[in-house]
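Please open the structure in your viewer and keep the selection tool at hand. The stops below say what to select next and what is to be found there.

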Amino acid sequence: MFHNLLVLIHHDILITLRQAYSWLTPLLFFVLVVCLFPLALGPDTETLNKIAPGIIWVAALLAILMSLGNIFRNDVHEGYLDLILLSSTPLTLLVFCKVISHWITHCLPLILISPLLGVLLNLNNTEELTLITTLLLGTPVLCLLGAIGSALIVSVRTQGLLLPILIMPLYIPVLIFSTSAMMAASLHQPLSAYFAILGAIALFTLVFAPFLTSAALRIGVNQ
Amino acid sequence: MWHWLNQKFLAPKSFYANSAKLIPWIALAFALCFSYGLFAGLFIAPADYQQGDGFRIIYVHVPSAFTAMAIYFSMAVFAVFTLVFRVKVAAIGMSCSAKIGAWFTFLALITGSIWGKPMWGTWWIWDARLTSVLILLFLYFGFIALQSVIPNQQTRDRAGALMAIVGVINLPIIHYSVIWWNTLHQGPTLSKFAKPSIAPAMLYPLLAMIAAFLLFYALTLLLRMRNQILLREINSQWVAELIHE
């Protein structure tokens, strides 16, 4: 079972890495959106520092939402999913691997580049560390929840902005706790409570979301 | 037992027949509650010592907010019946509820902001409860959008059901995170307007109005569901016979 898991993840990561377009565009989108804000709000460092958590988090959230649109799409179109459904590998396992590999290829680059954006927005060291920690705890939740919506509409031809409309309300708790953690960090308050709540949300989603996603995928494929 | 229940009440045909008998009673109960609640709320209940007659909008605002929440939970119950027991009528009830629920949520927001203007001095405040009702509206929109893009009837029902369940699991988390967020940013605004426990003369009309709104939901839901049943079963024998009568 564990071997299957690694093979699936490895396979997915390889496929994504060979299409640089698919993982580079969310990253560029993220950087561009963050850079738009100083241009729109003026270069005053104090204002930028104050709203930096919100900017970075909203941009990351949007970039991840964009990338999630086709997490299952190719597998369905190429018949890979049908093979998985026929094989003895449980669908939940496939979903789990897909989300993990999606997180590694699409979210990890965002997290790695976020300290750089933090520098652009004048974050100090504690704030940078908090930013990375909240992103590490929060982005898996975004991927797991987004996968549910993405699976539901996998066969819909004209998706447009349906996925963001469907999923964005569910992202609100993660957004709230992450940005509050960063605000607390800038006020030198203790942070463990925020991390504990984010971690709890992450674990809760990690347990339930793959089952819901595989149920959604079964529904979504049959249209 | 289950089979009997299914045959007797939950099959679209028998549901259509039975709901016709139910509708006049619901309409009557609604008319009684609504007329008592409206009259007592607007004329009998004393004016609030702080807000004057302005508080009377509570008789529309609170019932619509309560009903909006209740409809989302009823959608989740319908969703379970759709996914687990594959009851056709439940799926119809679920998708018909969504639009009614969205309208009640909209009504709650509008009356809330009309109430906020004289009391808080602004149309909108990022108050925890208003914000979570706004998010509820977005959840309704998401559900309606999802159902409107899926062409296949059965898939539409089941996808909607799954989405409703995911939404209802998340709703408490969202609600409490919003409350927490609000107290972090602007706690005092809320406690200034913390409700004093309500006097009985004000409370009974309010309860009557809540009952009236719930009955109104049941009434419109049944009417919409009957419509939808006819639409979905348009090719069946009994609908053809019904039309010929």
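Begin by selecting D157(B), which counts as buried at 8% relative accessibility, where buried means under 20% relative accessible area, exposed over 50% and partly exposed in between, with a 1.4 Å probe and protein chains only. R232(B) and D157(B) form a salt bridge whose closest N and O atoms are 3.1 Å apart; the term stands for a side-chain nitrogen of Lys or Arg within 4 Å of a carboxyl oxygen of Asp or Glu. Because R232(B) lies in helix α7 (residues 200-232) of chain B and D157(B) in helix α6 (residues 153-192) of chain B, the pair ties together parts that are 75 residues apart in sequence.

The model is predicted, with local features needing pLDDT of at least 70 and side-chain atom pairs counting only at pLDDT 80 or more, while totals for chains, interfaces and linings use all residues. Residues are numbered from 1 along each chain as its sequence is written, chains are lettered from A and ligands numbered from 1 in the order in which they are written, and side-chain values use heavy atoms, with hydrogens and water left out.

Now display the whole of chain B, whose secondary structure comes to eight helices and zero strands; helices (H or I, at least four residues) and strands (E, at least two) are DSSP runs, numbered from the N terminus. Buried residues make up 45% of the 245 residues in chain B, and the C-alpha atoms of this chain fill a box of roughly 60 × 40 × 30 Å along the principal axes.

Within chain B, select helix α5 (residues 128-149), whose end C-alpha atoms are 32 Å apart, in agreement with the 32 Å that its 22 residues should span at 1.5 Å a residue; the expected span is 1.5 Å times one less than the number of residues. Since 16 of the 22 residues of α5(B) are buried, this helix is largely enclosed by the rest of the structure.

Next, go to S19(B), found in helix α2 (residues 12-44) of chain B. A polar atom of the S19(B) side chain lies 3.0 Å from the backbone oxygen of Y16(B). Is S19(B) buried or exposed? At 2% relative accessibility, S19(B) counts as buried.

Move to chain A and select K98(A), which is buried with a relative accessible area of 9%. The side chains of D75(A) and K98(A) meet in a salt bridge of 2.8 Å, N to O. This pair links distant parts of the chain, with D75(A) in helix α4 (residues 73-77) of chain A and K98(A) in helix α6 of chain A, 23 residues apart. D12(A) also forms a salt bridge with K98(A), the closest N and O atoms being 3.3 Å apart. D12(A) lies in helix α1 (residues 2-18) of chain A and K98(A) in helix α6 (residues 91-120) of chain A, so the pair ties together parts that are 86 residues apart in sequence.

For the last stop, select L142(A) in helix α7 (residues 125-152) of chain A. L142(A) is buried, with a relative accessible area of 0%. Leaving aside neighbours within four places in sequence, L142(A) is in contact (heavy atoms within 4.5 Å) with residues including W57(A), L61(A) and Y171(A). The C-alpha atoms of L142(A) and L61(A), 81 residues apart along the chain, are separated by 7.3 Å.

Note on methods
A polar contact is a pair of N or O atoms within 3.5 Å; within protein, one must be able to donate a hydrogen and the other to accept it, and residues adjacent in sequence count only if both atoms are side-chain atoms.
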